Amino acid sequence: MSSSAACIFCKIIKGDIPSFKVFESDKVFAFLDIQPLSRGHALVIPKYHGAKLTDIPDEDLLEILPVAKKLAIASGATDFNILQNNGRIAHQVVDHVHFHMIPKPNEHEGMG
Ligand code: 5GP
Ligand code: ZN
């Protein structure tokens with residue numbers, strides 16, 4: 001298992017930094033984004049530490065999307081975005097691979 005002592009998301013996985021956890025398995029951890037773009041905005045991450053998608057073994061990546069799918073269903077949103085940024089030019093801020101699951105509430109909802 002790859003882990004980085006300096007990584008904020010590795011600290012969240014270990015529980016050294018608090019988070020609102022919504023899912024955990026052997027390979028995957030998911031928690032609510034601290035600055036949500038909508039209600040239910042979650043981050044789904046491999047426990048394996050790597051900055052970019054290209055750093056993560058396929059066997060770990062394969063378990064990510066089913067979790068994002070479960071969280072999308074649990075959010076109740078019919079529409080949602082799954083986003084994953086790699087590198088500064090692509091707007092990545094935290095250097096531990098993460099998939100955003102962002103529910104898109106209809107125009108009458110907002111943050112609720
Ligand atoms: P990026 O731009 O790297 O794709 O997105 C990083 C995301 O991580 C941002 O949406 C930001 O709000 C979230 N984030 C950064 N630090 C923390 C933290 O300490 N806790 C949580 N829950 N989310 C964080
Ligand atoms: Zn990490």
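Colleague: Hi! Leaving aside neighbours within four places in sequence, which residues is N81 in contact with?

Modeller: Hi! N81 is in contact with H100, I102 and K104, where contact means that the C-beta atoms, placed from the backbone, lie within 7 Å. Keep in mind that this is a predicted model, in which local features need pLDDT of at least 70, side-chain atom pairs count only at pLDDT 80 or more, and totals for chains, interfaces and linings use all residues. Residues are numbered from 1 along each chain as its sequence is written, while chains are lettered from A and ligands numbered from 1 in the order in which they are written.

Colleague: Thanks. Where does N81 lie?

Modeller: N81 is in strand β4. Helices (H or I, at least four residues) and strands (E, at least two) are DSSP runs, numbered from the N terminus.

Colleague: Is N81 buried, exposed or partly exposed?

Modeller: N81 is partly exposed, because 14 other C-beta atoms lie within 10 Å. The cut-offs are 20 or more for buried and 12 or fewer for exposed, with partly exposed in between, all counted within 10 Å of the residue's own C-beta, placed from the backbone.

Colleague: Let's zoom out. What is the order of elements from the N terminus on?

Modeller: The order is α-β-β-β-α-α-β-β, which gives three helices and five strands. The radius of gyration is 14 Å, close to the 13 Å from the globule rule for 112 residues, so the protein is as compact as a globular protein of that length. That radius is taken over C-alpha atoms, and the rule is 2.2 Å times the number of residues to the power 0.38.

Colleague: How many bridges join β1 and β2?

Modeller: Three, in the antiparallel sense, with β2 covering residues 28-32. K21 stands opposite F31, and E24 has F29 as its bridge partner.

Colleague: New topic: which residue does the UniProt "active site" annotation cover?

Modeller: According to the unreviewed UniProt entry, that is H98. UniProt positions are given in the numbering used here, feature names are shortened, and annotations may be inferred rather than shown by experiment. H98 sits in the loop between β4 and β5 (99-103). With 23 other C-beta atoms within 10 Å, H98 is buried.

Colleague: What does H98 touch, beyond four places in sequence?

Modeller: F9, L43, V44 and I45. V44 in turn touches several residues besides H98, including V28, A30, V67 and M101.

Colleague: Which residues have the most contacts inside the largest nonpolar core?

Modeller: They are A30, A42, V44, V67, A68, L71 and M101, in a core of 22 residues. At least two core residues come from each of α1 (8-14), β2, β3 (42-46), α3 (64-75) and β5, and α3 has the largest share, five residues. Such a core is a set of buried Ala, Val, Leu, Ile, Met, Phe, Trp, Tyr and Cys residues joined through C-beta atoms within 7 Å.

Technical notes
Pairing = 2+ DSSP bridges. Contact = placed C-beta atoms within 7 Å.
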